[in-house]
Amino acid sequence: MSPSRAEAWLSRSLAWVAGSAVALLALIFLFLITESLPALVDGHWLRFFNSSGWFPSAGEFNLWPMLLATVLATLGALVLAVPMGLASAFFVSFCAPPRLADMYQRLLMLLAGIPSVVYGLWGLTVLVPMIAEVAPPGASLLSAILILAIMILPTVALTSDAALRAVPVSYWRGGQALGLSSQTILLKIALPAARTGIFTGILLATTRALGETMAVLMVAGNVVQVPGSLLDSVRVLTANIALEMAYATDAHKASLYVSSLLLTLVVVMIVALGRRLEARS
Amino acid sequence: MKTMSPRRTHRLTDHVLATFVWLTALSVAGFFCWLLVDMVSQGFDRLSWDFLTSEPERSGRRGGIAPMLVSTVAVLIITFVVAIPLGVATAIWLSEFTRTQSRPAVAIRFSLDVLAGVPSIVYGLFGSAFFCVWLGMGYSLLAGGLTLACMVLPILIRTTEAGLAAVPADWRQGASALGLTRWAALRFLLLPAAAPAITAGLLLGIGRALAETAVLLFTSGYVDRMPASWLDSGRVLAVHIFDLSMNVTGGDKAAYGTALVLLVLLLLLNGLAMALTDRWLARRIVQA
C-alpha cells in the first residue's frame, strides 16, 4: 500500500471504531425497548401510574411510589451536596493555604473513588443504626439522602473548582482594582462567570444520584410506599430493578425494563440540557 | 488572590461565608476519617494471608476471598482488553481525524455523554439481555467483563482525548513539515506525549470497574466458588461485600475485611497513577 492509501485506510477504520459509541447507545436502547415491549404493546401505559400498587404477582405495576422516592432522594441529596460542594470548591480555590488546598483536593478525589457498596456498607452498619436510635426503623429516605449527598459531593466540588479556576485572572484583578472584598469578588464576579461549568457539574451529579443503585438499596429500607416523612422507608427505581431482576419473569421483567428505559430517557434529557447550556454560553 | 482590598468591608455575610466554607471542609475531612477509622477498626483483624488465599466458608462468614480476587482480576482483564483498543482508537479519531463540529463527531460526543450518565444497573440489564441471553454467554466472567467494558469506554475515551488535545498544535505541524505520515506522528509523537493522560484515564477506569457492583450482579453472577473458565460465573469483590452485608447475617466483619482489601487496592491504583503521571511528566519536560 502506498502511504496515502494507508492513511486513508487508517482514517476510515478509526472512524468505524469511533462510530461504535453511537452503535452501543443504539444497541442499549434497542434492547431496553424490545425487552419492555411486552408491557407496552397492549396500550395500558397508564398502568404504571394508576394501578393499586406494586404487586408484580397480581399484575399491578404502579411505578409512582418508586419514581417519587427516586426524585425525592435525588433532590434531597442535591440540596445538601450543592452548597457543600460549592463551599468545598471555594475552599480549594480561595480560602485554604496552597498545601491544605492540595491535600483537600486529593481527599475529594479519594472520596469520589470509594465504591458505592462501601458507602452502602458503612451506611447500613453505622448511619442506619444511628438514625434508628432516634426514629426507628432507621433505613429511610433520610439515610438514602445522606449517603447520596456524600457520594455526589466530590463531583460537585471538583467540577465547580475546575470551573472557578477557568475564570480569567483579569476578572479578579478588575474586582480588586475596584476595591471589592475577596468574598464579593468570589460571589458577584467569579461565581456568575463560572456558572455554566458549575451547573454542568450539578447535572452530572444529578445523573449519578438518579442512577445510584447499591448504596441506596442498602440504606433505604426498600419498602414500596409513598413516603410520609423523611424517616419512612422507601424503595427507589434502581434498587427495585436490582432486587427483583433475579426472579422476575414475563410482564414483571418487562416492567423492570420499562423503569430502566424511563431512567435512561431522563439521563438523555439531562445530558441534552447540559449541551444546550454549554452551546448558549 | 488573597490580598485584601484597602477598604476592608467587615460585613456579616463575609464572615458567615468564610465560616461555612471552613466548616464544610472540616466536616468532609472529618467524615473521611470517620469512614476510614470504621473500615480499619472493623476490618483489620480479618486481614491475613489466609484471608486472601483461602476459599469462603459458610457463605463467607469464615474463610477467605480467593475466588473473588480471581474473578475480579479476570473480569478486569476482559474489560480492558476490549475497552482499551476501542477507547484509544475512538479518542484518536475524535481528536486527530475529524473537526470538533463535524456531524459524526457531535453525535459521538453526545452518545458518550449519555453513555457516561446511564445508570450502572441499566448496563446490567442491557448486559444480561444482550451478552447473557442473546449471545448465549449465560452468567459468566466474559459477559460481565464485556458489559463493564461498555461502561468504562466513555471514561477512557474522554481522558485519552483530553490527553491528545493537550499536545501542542505545533508538534503536529512540525511532524507534517518533516513529512511524517499521520500514523508515524501518532506512533512516535502524539501517543507517547499523551501517555500520562492515557495511563491516568486507564487507572481511573480500573478504579471505576473495581468499584462496580450493579453491572456485575446480573452478568457475571454471584457464585462464590473459584471460576473454572471465563465462561464460568464468578463473584467479584464488590458483589461479595454487598452479599455479605445484605444477605448473610453475621457477615458484617467479613464484609468490612473485604471492603478494606478493595479500598487498599483502590488506594494503590491511585498512588500508582499519580507516581506514573509525575514521572512521565518529568521525562517529557527533559526531552522537550
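Mentor: Start with helix H7 of chain B, residues 169–177. None of its nine residues is buried, so H7(B) lies largely in the open. Buried means 20 or more other C-beta atoms within 10 Å of a residue's own; exposed means 12 or fewer, partly exposed is in between, and the C-beta atoms are placed from the backbone. Helices here are DSSP runs of H or I with at least four residues, strands are runs of E with at least two, and both are numbered from the N terminus. After H7(B) comes Gly179(B), with a positive phi near 80 degrees.

A word on the source. This is a predicted model, in which local features need pLDDT of at least 70 and side-chain atom pairs count only at pLDDT 80 or more, while totals for chains, interfaces and linings use all residues. Residues are numbered from 1 along each chain as its sequence is written, and chains are lettered from A and ligands numbered from 1 in the order in which they are written.

Next along chain B, look at helix H8, residues 182–211. Straight, a helix of 30 residues would span 44 Å at 1.5 Å a residue, but H8(B) spans only 37 Å between its end C-alpha atoms. The expected span is 1.5 Å times one less than the number of residues. H8(B) has a kink of about 55 degrees at Ala195(B), shortly before the proline Pro196(B). That bend is the angle between axes fitted to the seven residues ending there and the seven starting there.

Now step back to the whole of chain B. It has 11 helices and two strands. Of its 288 residues, 47% count as buried. The C-alpha atoms fill a box of roughly 65 × 60 × 35 Å along the principal axes.

Chain B also meets chain A. Here 71 residues of chain B are in contact with 68 of chain A, contact being C-beta atoms, placed from the backbone, within 7 Å. Helix H1 of chain B, residues 12–43, gives the most to that side, with 14 residues. The side divides into 50 nonpolar, 13 polar and eight charged residues. Asp, Glu, Lys and Arg count as charged; Ala, Val, Leu, Ile, Met, Phe, Trp, Tyr, Cys and Pro as nonpolar; the others, Gly among them, as polar.

The largest nonpolar core has 172 residues. Such a core is a set of buried Ala, Val, Leu, Ile, Met, Phe, Trp, Tyr and Cys residues joined through C-beta atoms within 7 Å. Leu148(A), Val216(A), Val219(A) and Ile241(B) touch the most other members. Helix H6 of chain A, residues 141–165, gives the most to this core, with 16 residues. Leaving out residues up to four places away in sequence, Leu148(A) touches Ala73(A), Ala77(A), Ala209(A), Glu212(A) and Val216(A).

Leu146(A) and Val219(A) are 73 residues apart in sequence, yet 9.8 Å apart C-alpha to C-alpha.

Finish with two backbone details in chain A. Asn222(A), not a glycine, has a positive phi near 65 degrees. It sits in the loop between helix H10 (214–219) and helix H11 (237–244). Asn222(A) is buried, with 20 other C-beta atoms within 10 Å. Asp250(A) also has a positive phi, about 45 degrees. Asp250(A) is in helix H12, residues 250–280. With 11 C-beta neighbours inside 10 Å, Asp250(A) counts as exposed.

Technical notes: Two residues are in contact if their C-beta atoms, placed from the backbone, lie within 7 Å.
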